[in-house]
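The report below describes selected strands, helices and single residues of one model. Please keep the sequence and the structure at hand while reading.

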Amino acid sequence: MNDAAPNAAPQTFYLKDYKPFGYEVESVKLTFQLSPNATKVHSAIRFTPKADAEDNRFFLHGEQLSLISAKIDGTPVTARLVEGGLECDVPRTSFLWEAEVEIDPAANTALEGLYMSNGMYCTQCEAEGFRKITYYPDRPDVMSTFTVRIEGDEPVMLSNGNPTGAGEGWAEWHDPWPKPAYLFALVAGDLVNHPGSFTTKSGKDVELNIWVRPGDEGKCAFGMEALKKSMKWDEDVYGLEYDLDLFNIVAVDDFNMGAMENKGLNIFNSSCVLASPETSTDANFERIEAIIAHEYFHNWTGNRITCRDWFQLCLKEGLTVFRDAQFTADMRSEPVKRIEDVIALRARQFPEDGGPLAHPPRPEEFQEINNFYTATVYEKGAEVIGMLKRLVGDDNYYKALNLYFERHDGQACTIEDWLKVFEDATGRDLSQFKLWYSQAGTPRVKVTEDYADGTYTLTFEQSTPPTPGQPEKAPRVIPMAVGLLSPNGDEVRATEVLELTEAKQSFTFEGLASKPVPSILREFSAPVILERETTNSERAFLLAHDTDPFNRWEAGNALAKEVRVAMVLDGAAPDAAYLDALEKLVRDDEQDPAFRALVLSPPSQSDIAQTLHERGHTPDPQKIYDAAETFTQTLAQQLETSLPRLYAATTVEGPYVPDADGAGKRALNSRILSLLTRLDGGEQAARQYASADNMTQQYAALAALMKAEKGETQSQAFFEQWQDDRLVMDKWFALQIACAAPETTAATAKELTQHPLFSMKNPNRFRAVMGALAGNHAGFHHASGAGYQLLAENLIALDSVNPQTTARMCAAFQTWKRYDSKRQAQIQAELERILATRDLSRDTHEMVSRMLSA
Ligand code: 0A1
Ligand code: ZN
């Protein structure tokens with residue numbers, strides 16, 4: 001074991017220091033002798049020195065490995081163990097490196113490298129987990145073909161690529177596609193498969209499998225269909241075909257993230273692949289379909305073309321998120337998907353970009369790369385591609401992508417390579433656009449208008465607040481999609497994309513008979529914060545008339561925020577005109593139910609806190625909570641007479657089908673049920689709970705009852721019914737905390753950490769409890785400080801078990817500077833307590849230090 005004490009001054013890695021590895025890796029052969037506490041890994045790797053290498057140092061990464069022996073061309077050698085790996089004197093010509101190491105998968109609770117989950121062996125190598133399996137140049141620009149032999153007595157033993165042989169106690173695999181080590185995977189255990197097949201457009205038959213633990217076979221059908229749809233969609237839309245004879249997916253219960261795109265052997269958190277109507281909600285189904293697509297799409301954007309180094313992570317992640325969003329929009333509803341994505345972006349990415357953890361989509365330094373699998377790299381990375389597509393147009397976008405696949409197949413690339421294909425395909429200069437990759441922070445765009453003699457002028461001023469290490473920002477290219485409506489609601493100018501490139505810039509529209517109502521930032525054409533003085537009646541007008549569905553929702557959302565902000569700041573009563581507008585919309589059967597459900601879903605309390613903060617107020621979480629409660633109660637009363645009818649009219653009859661249509665109706669129905677439950681003492685919800693034959697309706701009824709503090713019996717019944725189903729139990733844990741009143745949230749969460757089914761070792765369960773605590777805004781930020789304290793204690797306890805998940809969950813504190821000085825002091829004390837923990841991981845150390853140094 002050669003781990004350095006992680007609390008010692010952590011090393012920082014810089015993009016500017018990039019140097020290629022001095023050796024080609026011609027081939028890799030690995031042999032695993034599986035054993036829970038003493039797995040032996042033998043590697044045989046052919047290295048050839050590069051003639052033009054700047055640096056001939058032979059350094060192989062390795063962590064938590066016991067080196068048994070090392071040989072070069074068959075002769076034992078002595079390697080020098082150094083921090084993070086080993087060095088060795090090697091020949092100047094091609095040579096065969098062989099090493100034998102021993103590792104301990106059963107003790108690996110960090111879930112990186114080779115580990116055990118419920119008796120099953122599995123791996124997670126992205127980003128730097130392969131170095132916990134054997135000594136290797138563990139960097140994405142080193143690509144090679146892998147041959148793998150697995151020896152053990154597990155019934156199923158899988159690796160990347162195609163099977164090349166198997167017998168009693170062994171299996172061999174070969175992956176013909178050169179790949180970086182982070183895409184290596186191995187799975188072995190008692191698994192059963194749900195089979196499928198797909199014929200590619202060029203007529204090649206591909207065998208598909210979803211591998212699960214016995215008992216979960218019934219939860220694979222939906223995932224399999226999603227996989228086939230993804231394969232077809234990538235052929236139809238991007239012309240990309242699958243390139244192996246076999247595609248395996250494995251469901252694993254203990255997993256730090258959602259899923260992983262290992263070549264030919266995707267590994268999924270079971271929560272992101274297993275689905276059945278009885279155990280999964282509509283939201284689960286949609287997410288599973290999207291994640292299956294995401295991992296599949298990585299086969300081209302990530303695997304065939306990978307990243308040169310981890311600073312380029314958004315090259316594969318931003319593009320793949322963008323592609324999976326296109327897929328979901330095509331499979332379901334384009335506007336609904338866009339609205340959902342913007343809600344998520346504002347909830348997760350905007351706070352990151354406006355706080356101490358802000359970083360550009362392509363960061364230039366890191367201590368622990370695992371801390372950069374962020375909303376900025378993923379979601380903002382995807383937004384940047386959406387802007388690029390909007391600027392160059394659809395045809396040019398696909399032209400550039402074809403060039404990207406043609407030019408860079410088999411390579412490890414950079415953002416420069418990516419932008420160059422767009423420049424070459426379109427002749428456009430993207431140097432200013434590139435700022436989106438290097439500058440952090442969410443631009444604010446202030447809009448003013450002027451109308452005289454038939455000419456309407458819009459003036460835009462952009463600025464970006466300082467972020468860590470970036471006090472000043474240059475103006476960026478911002479595609480601003482704008483349409484104009486006449487006061488009677490007709491569209492007088494269809495959507496046009498204005499290109500903002502300067503700090504201040506005006507655009508004029510001639511020949512308008514009267515002053516128009518502008519619809520700005522249609523489809524949310526850029527990830528910016530729009531600032532414009534406007535009235536609630538104009539917002540209500542756009543909610544009723546805008547032809548852009550996104551902006552229609554946005555107008556309603558802005559209106560909702562204004563009303564709530566006024567309630568919080570001035571103690572105002574809920575705005576009557578807004579309540580009327582909502583009532584009209586919810587009763588309007590012409591409107592898409594999914595859209596109505598979205599408009600009826602209030603902005604989150606944390607969103608209100610963020611808005612107050614942006615406007616220079618200090619948010620009071622309790623007041624925000626009270627305003628939310630008052631608003632919802634008033635809305636329920638306003639709708640009182642129509643709620644039973646609306647409930648009946650939106651109830652979906654017949655067998656449950658997890659499609660977009662049904663999901664939209666059920667979402668609206670659930671919103672109505674939650675309002676109704678505030679008035680009828682839970683009668684209808686109890687009936688729905690008793691008769692529900694699917695999780696969406698069962699869960700909606702339980703949530704409504706628990707929120708109204710009428711769900712004791714049903715919660716107990718739910719537990720009895722589902723205690724053996726881990727994924728459903730995660731919902732049960734989370735829901736109790738999500739529904740708790742502010743003053744009881746921390747106590748509820750604390751009690752649940754004492755529950756026999758709570759576990760530090762299962763990230764899903766830990767997140768169910770601690771994520772729900774952090775997600776209950778008023779409860780987490782309760783003035784007692786009990787929420788902060790409980791989270792900090794649990795993070796400290798988790799850090800030695802699973803640093804990666806600990807570090808990610810620390811981000812719950814990232815908004816701490818929004819709040820009053822007492823809360824700030826409480827959070828600061830907790831962050832300092834975490835930082836003072838002995839042997840704190842590098843992951844958590846980096847996150848907490850960044851938050852404290854802001
Ligand atoms: N590349 C995966 C995400 C992922 C990243 C890191 C992991 O472990 C540290 C696991 C998965 C994706 O984008 O889906
Ligand atoms: Zn990804």
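Strand E14 (residues 162-167) and strand E15 (residues 170-179) run antiparallel and are joined by five bridges, where strands (E, at least two residues) and helices (H or I, at least four residues) are DSSP runs numbered from the N terminus, and two strands pair if DSSP finds at least two bridges between them. Asn 162 has His 174 in E15 as its bridge partner. The two strands E14 and E15 form a hairpin with two residues between them, and Gly 169 in the turn has a positive phi of about 80 degrees.

This is a predicted model, in which local features need pLDDT of at least 70 and side-chain atom pairs count only at pLDDT 80 or more, whereas totals for chains, interfaces and linings use all residues. Residues are numbered from 1 along each chain as its sequence is written, chains are lettered from A and ligands numbered from 1 in the order in which they are written, and side-chain values use heavy atoms, with hydrogens and water left out.

## An open sheet of four strands

An open sheet is formed by four strands in the order E10-E11-E16-E13, with antiparallel pairing. Strand E10 (113-117) and strand E13 (156-159) stand at the edges with a single partner strand each, so one side of each is left without a neighbour in the sheet. Neighbouring strands of this sheet are turned by 15 degrees against each other on average, direction ignored, the axes being lines fitted to C-alpha atoms and angles running from 0 to 180 degrees between N-to-C directions.

Within this sheet, strand E11 (residues 120-124) and strand E16 (residues 186-189) pair in the antiparallel sense over two bridges, and Tyr 121 stands opposite Ala 188 in E16.

Helix H10 (residues 549-570) has 22 residues and reaches 31 Å from its first C-alpha to its last, close to the 32 Å expected at 1.5 Å a residue, the expected span being 1.5 Å times one less than the number of residues. Of the 22 residues of H10, 17 are buried, so the helix is largely enclosed by the rest of the structure; buried means under 20% relative accessible area, exposed over 50%, and partly exposed in between (1.4 Å probe, protein chains only). Gly 571, whose phi is positive, near 60 degrees, follows H10.

In helix H15 (residues 643-650), the residues Leu 643, Leu 646, Tyr 647 and Thr 650 are buried. They cover an arc of only 100 degrees around the axis, which puts them on the same side of H15, the arc being that of the directions from the helix axis to the C-beta atoms. The cover over the buried residues of H15 includes helices H11 (576-587), H14 (621-638), H16 (660-680) and H17 (683-691).

His 777 lies in helix H23 (residues 777-780) and counts as buried at 8% relative accessibility. Not counting residues up to four places away in sequence, His 777 touches several residues, including Gln 605, Pro 621 and Arg 818, where contact means heavy atoms within 4.5 Å. Ser 841, in the loop between helix H26 (821-835) and helix H27 (842-853), is likewise counted as buried, at 7% relative accessibility.

Thr 426 belongs to helix H7 (residues 415-426) and is partly exposed, with a relative accessible area of 24%. Apart from residues up to four places away in sequence, Thr 426 touches Val 392 and Asn 396.
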